[in-house]
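Trainee: Could we go through this one together? I'd like to learn where the labels come from.

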Amino acid sequence: MHETELHDLSDDADYAASQLQGSLSMQRSDSAKSSSSAEPEGAELVYWKDNVTIHPSQFASERISGRLKLIKQGASLLLTWIPYKGQNSIARLSEKDMNLYTIRGISFSDVRSIRRHTPAFGWQYIIVLMSSGLAYPPLYFYSGGVKEFLATVKQHVFIVRSADDANVFLVNDFQNPLQKTLSSLELPRAVVANGLSVSTSISDPHPAENQPIDDGSVSGEVASLSLYNGRPRPKLLRESLNNGYGANERRDHSPHHHDYSYKPSIDPEKAPEEVPVVPDPLEFDKLSMVWGKPRQPPLGSEEWATFLDSEGRVIDSKALKKRIFYGGVEHRLRREVWALLLGYHSFDSTYAERDYLRSMKKSEYETIKHQWQSISAEQAKRFTKFRERKGLIDKDVVRTDRSLSFYEGDDNPKVNLLRDILLTYSFYNFDLGYCQGMSDLLSPILYVMEDESESFWCFVALMERLGPNFNRDQNGMHSQLFALSKLVELLDRPLHNYFKQNDCLNYFFCFRWLLIQFKREFEYEKVMSLWEVFWTHHLSEHLHLYVCVALLKRYRRKIMGEQMDFDTLLKFINELSGLIDLNTIVRDAEALCICAGENGAACIPPGTPPSLPIESSLLYPQQDDVL
């Protein structure tokens with residue numbers, strides 16, 4: 001097959017126009033050196049740009065500005081971004097919080113690609129994607145300079161424009177570009193570490209040769225909330241989500257496995273010796289017993305009827321949510337109750353109104369579905385985005401929950417429904433499209449609803465809240481990880497300090513928990529029970545963050561006592577799958593949420609998923625510059 005020619009940057013008018021700017025940047029480096037702290041011996045500052053900004057949330061007052069640098073040290077090109085000290089006093093974030101986002105000396109030998117975004121409104125920004133599959137927060141260039149940045153990078157490393165996307169620049173890409181370009185196009189898939197559609201595997205990058213560089217503008221003790229202070233951790237992170245495929249097949253569903261005993265995969269004789277651990281300041285076990293209420297039996301048909309009036313309206317939605325929070329729902333009621341919890345039906349709707357809505361929405365669903373069904377083979381040849389998304393969906397649905405009788409077997413029509421719903425959603429929300437992990441979120445909904453149209457609209461309602469988890473700029477995930485770090489600092493300062501000392505403040509070891517709402521940590525039935533608890537929003541919209549804190553506190557003695565570093569901690573967290581007692585951990589999370597109170601709520605930026613996105617003038621542009 002004829003291969004598309006890969007266009008080098010030197011053939012690009014933008015690049016040619018920026019060569020002069022790149023030269024000026026080189027000439028300016030001497031003055032830059034004198035105006036900032038000295039670089040390490042043998043290092044040369046080849047580019048710097050002020051007013052490069054990170055947006056931790058949707059609020060303008062929480063934006064963090066800093067200086068971006070490219071530093072040549074030996075044969076390596078390093079990138080750093082250091083926030084300014086003493087930023088605007090009205091900012092919502094403290095200087096300590098800002099420093100969590102510091103980027104220290106990442107080597108371009110560990111960079112896979114750079115994606116340039118030019119929204120119709122707002123500032124240009126770039127996203128740096130690492131070979132490990134994770135990406136840094138977007139860097140917004142308030143004063144321009146993206147072209148100059150790319151031109152300078154090209155002078156020092158091999159960088160070429162992707163053949164399939166003019167805004168993706170592949171770094172050190174010496175292989176057949178057609179094998180790897182799909183990996184670079186959809187950064188949300190990169191976020192989840194190894195959800196790539198390429199047929200060839202990406203080899204592990206070499207460790208960075210240089211230590212992180214500090215220009216003296218912030219304390220060297222501050223750990224970065226970005227990618228591990230510039231140190232690649234490729235293998236385990238790529239396993240983080242992919243280990244989940246087939247996880248249900250691997251789990252032993254016998255009752256005796258539901259405890260807190262951790263079965264280490266390492267030789268016991270080589271296990272690290274435990275060191276003394278700082279006591280839990282909250283006396284966690286006592287806290288849970290006092291404030292965490294025992295679980296109740298699930299809501300049954302007779303009791304459910306007492307919450308409805310004669311026409312089917314929910315009489316007291318708050319009381320209903322509280323009841324579900326403490327006991328869940330019997331499976332035979334889930335189809336009716338989930339549609340209410342997810343917002344597909346309103347609590348004050350009648351039976352007749354719900355029947356009418358189903359009819360109307362079924363017709364609307366079929367219209368959207370017909371859009372992709374009507375694409376001919378000839379059209380598909382010229383519709384790259386459709387082919388890519390369909391290929392990803394086809395690969396993912398055949399390995400989603402296939403151990404369940406509902407989805408097992410060859411040519412299972414339920415698997416085809418999964419595919420059809422996800423493809424239809426990619427046309428309903430074309431900006432977001434499809435990302436790995438979405439099939440995990442849809443699977444239980446289809447299992448409960450059984451109807452294609454109702455499953456689709458319930459999934460749409462869920463994605464209104466969880467969609468930001470899959471955004472290209474990762475804003476939703478970074479917001480949750482940031483909030484998690486603040487909650488741990490509030491509720492367990494010794495554990496927070498331990499993570500800080502061991503470069504674990506990025507909390508990426510909790511990434512899978514947050515991305516797909518613990519879908520791969522529990523048996524299928526218990527996942528559905530947990531989601532019901534989350535969807536009530538009783539006590540907090542963000543109970544899932546307190547579940548994360550509860551799990552970390554439950555294992556704090558082992559984590560701290562065995563002096564786990566990031567790699568060991570990530571492996572440990574992943575191997576907890578199927579070993580967590582749901583009722584205990586929900587009770588723990590409830591107690592922590594009550595204990596944290598308003599201070600805990602203040603740790604969570606507004607608009608953090610699963611809160612509905614904030615619609616205001618402060619919302620910065622999210623649209624992409626190309627289809």
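This is a predicted model: local features need pLDDT of at least 70, side-chain atom pairs count only at pLDDT 80 or more; totals for chains, interfaces and linings use all residues.

Trainee: What makes β5 and β6 count as a pair?

Mentor: Pairing takes at least two bridges between the strands. β5 and β6 have six bridges, so they pass that cut-off. One place to look is His 117, which stands opposite Tyr 125 in β6.

Trainee: And how do you know that β6 and β7 pair as well?

Mentor: Strand β6 (residues 125-130) and strand β7 (residues 139-141) are linked by two bridges in the antiparallel sense. The rule asks for at least two, so they qualify. Here Ile 126 is set opposite Leu 139 in β7.

Trainee: Which order do the strands take in the whole sheet?

Mentor: The order is β4-β3-β2-β1-β7-β6-β5-β9-β8, nine strands in an open sheet with antiparallel pairing.

Trainee: Why are β4 and β8 said to stand at the edges?

Mentor: β4 (103-107) and β8 (159-161) each have a single partner strand, so one side of each has no neighbour in the sheet. On average, neighbouring strands here are turned by 30 degrees against each other, with direction ignored.

Trainee: What is the pairing between β3 and β4 like?

Mentor: Strand β3, residues 76-83, pairs with β4 over three bridges in the antiparallel sense. Leu 79 is found opposite Ile 106 in β4.

Trainee: Why is β4 called largely enclosed?

Mentor: Five of the five residues of β4 are buried, so the rest of the structure largely encloses this strand. Buried here means under 20% relative accessible area.

Trainee: What makes β6 largely enclosed?

Mentor: Six of its six residues are buried, so β6 is largely enclosed by the rest of the structure too. Both faces are covered: Tyr 125, Ile 127 and Leu 129 are buried on one side, and Ile 126, Val 128 and Met 130 on the other. In a regular strand, side chains alternate between the two faces of the sheet.

Trainee: Now a loop. Where does Leu 539 lie?

Mentor: Leu 539 is in the loop between α21 (524-536) and α22 (543-554).

Trainee: Why is Leu 539 called partly exposed?

Mentor: Its relative accessibility is 41%. Buried would need under 20% and exposed over 50%, so Leu 539 falls in between and counts as partly exposed.

Trainee: How do you know that Leu 539 touches Ile 594?

Mentor: A contact means heavy atoms within 4.5 Å. Leaving out residues up to four places away in sequence, Leu 539 touches Phe 325, Glu 590, Cys 593 and Ile 594. The C-alpha atoms of Leu 539 and Ile 594 are 7.7 Å apart, though 55 residues separate them along the chain. That 7.7 Å runs between C-alpha atoms, whereas the contact cut-off is for heavy atoms.

Trainee: What about confidence: where does pLDDT stay under 50?

Mentor: It stays under 50 over residues 174-271, and likewise over residues 616-627. For the chain, the average pLDDT is 78, and 71% of the residues score at least 70.

How values were computed: Residues are numbered from 1 along each chain as its sequence is written. Side-chain values use heavy atoms; hydrogens and water are left out. Helices (H or I, at least four residues) and strands (E, at least two) are DSSP runs, numbered from the N terminus. Axes are lines fitted to C-alpha atoms, for helices over the stretch in contact, and angles run from 0 to 180 degrees between N-to-C directions. pLDDT is the predictor's confidence in each residue, from 0 to 100. Buried means under 20% relative accessible area, exposed over 50%, partly exposed in between (1.4 Å probe, protein chains only).
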